Amino acid sequence: MTREAVREQILDLQIDHATSGLGETERSRLDTLLAQEGETHDTSFELAASAVELVCLGPLEEMPASLKARLRRQGDAFVPRQEHTGPLPDNVTPMRRGSAVETPAQQSAPQPAPERTSGGSNWIPWLLAAAGIGAAVFGWRPIQEPPVQLEGPPVVASVEQRRAVFVDAASDLLSLPWTATEDPAASGAGGDVVWSPERQQGFMRFTGLEVNDPGEFQYQLWIFDGTRDDRYPIDGGVFDVTTSGEVVVPIDAKLNVRQPALFAVTIEAPGGVVVSGRDRIVTLAQVG
Amino acid sequence: MSTILQRVAAGDGRAVQECIDTYGGLIWSMARKKGLGQQDSEDIVQEIFIELWKSAERFDPSQASETAFVAMITRRRLIDRLRREQRRPSTQMMVPEIHDVADGEHEHLENVVEVSLAGKALAKLKPKERDVLLLSAYHGMSHGQIADHTGIPLGTVKTYIRRGLMRVKDMLDSNGGAAPLQEVEV
């Protein structure tokens, strides 16, 4: 292929990317061609397509108040609402018209980005960790709802009763056993997770999970949804284990879980996190 | 004076909230216009805001207006979502109407330089070229879908899209050298 033909193909792919998007194969092709030519992705086509869309958008709709409230909580978790008068940090790297903001591959995996394989699932490393195989350091980004402290102590009769009623009543119940990892806090841990896709409710039950000091660390649930981007597991809530006996914890998923694929519990800093370093995974439950 | 996104990048929590107030309607409207249902729209808007805040440090007001940058991030995410769900635009979609940005309907958009420039570029295209570009850039229809929908040969569809988008890009680029693409103060 002549250089001119390569450049033509790059242009075609960039225009397709800006207008209707590229599939994985086309993205890879564009990345390869850009690397071959020593060029970087040109975002000016995307800006042009965006401007065209704005011209046709028409009157703006007000978003629902409930969504706005969730966004505000999400924003507080991202950056607490506080006065800030300092200069921009040194690491701010501004965009450049027509220059490399991101490659198309990076656009589907924003920086700092998890390493993704084409069509792969980011929760596979979790399973590897559970199997004691060890995993590469995969980054991942959860849906950044603010970490929510589940209401009330986890071990109370009412929660157990609620779980029992829930299990009896749910006709579409998913019941999955926890698999403990090699993390010391999970040594000998067991239990299960039950979830109703229809009700969007569920409970976790644990035995043998290390009692935690909430001032030192807390547990946090993440739910991977097969219909969502693997990089954004849903925050299922932060909780404590206050007894070495059986603990029942209600799940508080912040978003609709359309196709649960994997439930994972991690140990995080007090209050939970919005981006888990996945340093300590304690239990996993895979669907299917 | 720093823009909202620059302040978000600098860790200003108030700017994060201001970002929601300023761009919530825009992002929500863009999601709804893609034909997503209420729940899906709410989910994707949450994801888009996260993406936006994370991308805030990449925003350079000398290269694009903040609104255009927000629209680009939103659009990118929506396209990814629709592709992942293998949703294809309906071939029954109509060519969208070009709104007059001066008609007061656009609120935030009427002062966006890129919108004004893109409108001018679109006005200079032949009607068929413009229609094809809008079906592609607004509705995300594939070349084949547009060919089927309009009866225009596939190769011509591709040419129209390329030519049209280049015109808009050139119009934006030419302004980029003249003045910062910031929202106009009114």
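The following legends describe close-up views of a predicted model.

Local features are given where pLDDT is at least 70 and side-chain atom pairs only at pLDDT 80 or more, while totals for chains, interfaces and linings use all residues. Residues are numbered from 1 along each chain as its sequence is written, chains are lettered from A and ligands numbered from 1 in the order in which they are written, and side-chain values use heavy atoms, with hydrogens and water left out.

**View 1. An open, antiparallel sheet of four strands in chain A.** The strand order is β1-β3-β4-β7 (chain A). Strands (E, at least two residues) and helices (H or I, at least four) are DSSP runs numbered from the N terminus, and two strands pair if DSSP finds at least two bridges between them. At the edges lie β1 (174–177) and β7 (247–250) of chain A, each of which pairs on one side only. From one strand to the next the twist averages 15°; axes are lines fitted to C-alpha atoms, for helices over the stretch in contact, and angles run from 0 to 180 degrees between N-to-C directions. Four bridges join β4 (residues 201–207) of chain A to β7(A) in the antiparallel sense. Met204(A) has Val249(A) in β7(A) as its bridge partner.

**View 2. Helix α3 (residues 38–55) of chain B.** The 18 residues of this helix should span 26 Å at 1.5 Å a residue, and the end C-alpha atoms are 25 Å apart, which agrees. The expected span is 1.5 Å times one less than the number of residues. Of the 18 residues in α3(B), 16 are buried. Buried denotes under 20% relative accessible area, exposed over 50%, and partly exposed the range in between (1.4 Å probe, protein chains only).

**View 3. A salt bridge between Glu46(A) and Arg76(B).** The side chains meet at 2.8 Å, N to O. The pair joins two chains, because Glu46(A) lies in helix α3 (residues 44–57) of chain A and Arg76(B) in helix α4 (residues 66–84) of chain B. Both Glu46(A) and Arg76(B) are buried.

**View 4. A salt bridge between Arg258(A) and Asp40(B).** The N to O distance is 2.6 Å. This pair crosses between chains, from Arg258(A) in the loop between β7 and β8 (260–268) of chain A to Asp40(B) in helix α3 of chain B. Arg258(A) is partly exposed at 26% relative accessibility, whereas Asp40(B) is buried at 15%.

**View 5. Salt bridges within chain A.** The side chains of Glu62(A) and Lys68(A) meet at 3.9 Å, N to O. Glu62(A) is exposed, with a relative accessible area of 63%. A network of salt bridges links Arg3(A), Arg7(A), Glu37(A) and Glu39(A).

**View 6. Two buried cysteines, Cys56(A) and Cys19(B).** The relative accessibility of Cys56(A) is 3%, and that of Cys19(B) is 0%. Over all chains, a search of the whole structure finds zero disulfides, a disulfide being a pair of cysteine sulfur atoms within 2.5 Å.

**View 7. Gln63(B) in the loop between α3 and α4 of chain B.** Gln63(B) counts as buried, at 18% relative accessibility. Its side chain makes a polar contact with the side chain of Ser62(B) at 3.2 Å. A polar contact is a pair of N or O atoms within 3.5 Å; within protein, one must be able to donate a hydrogen and the other to accept it, and residues adjacent in sequence count only if both atoms are side-chain atoms.

Key
Salt bridge = Lys/Arg side-chain N within 4 Å of Asp/Glu carboxyl O.
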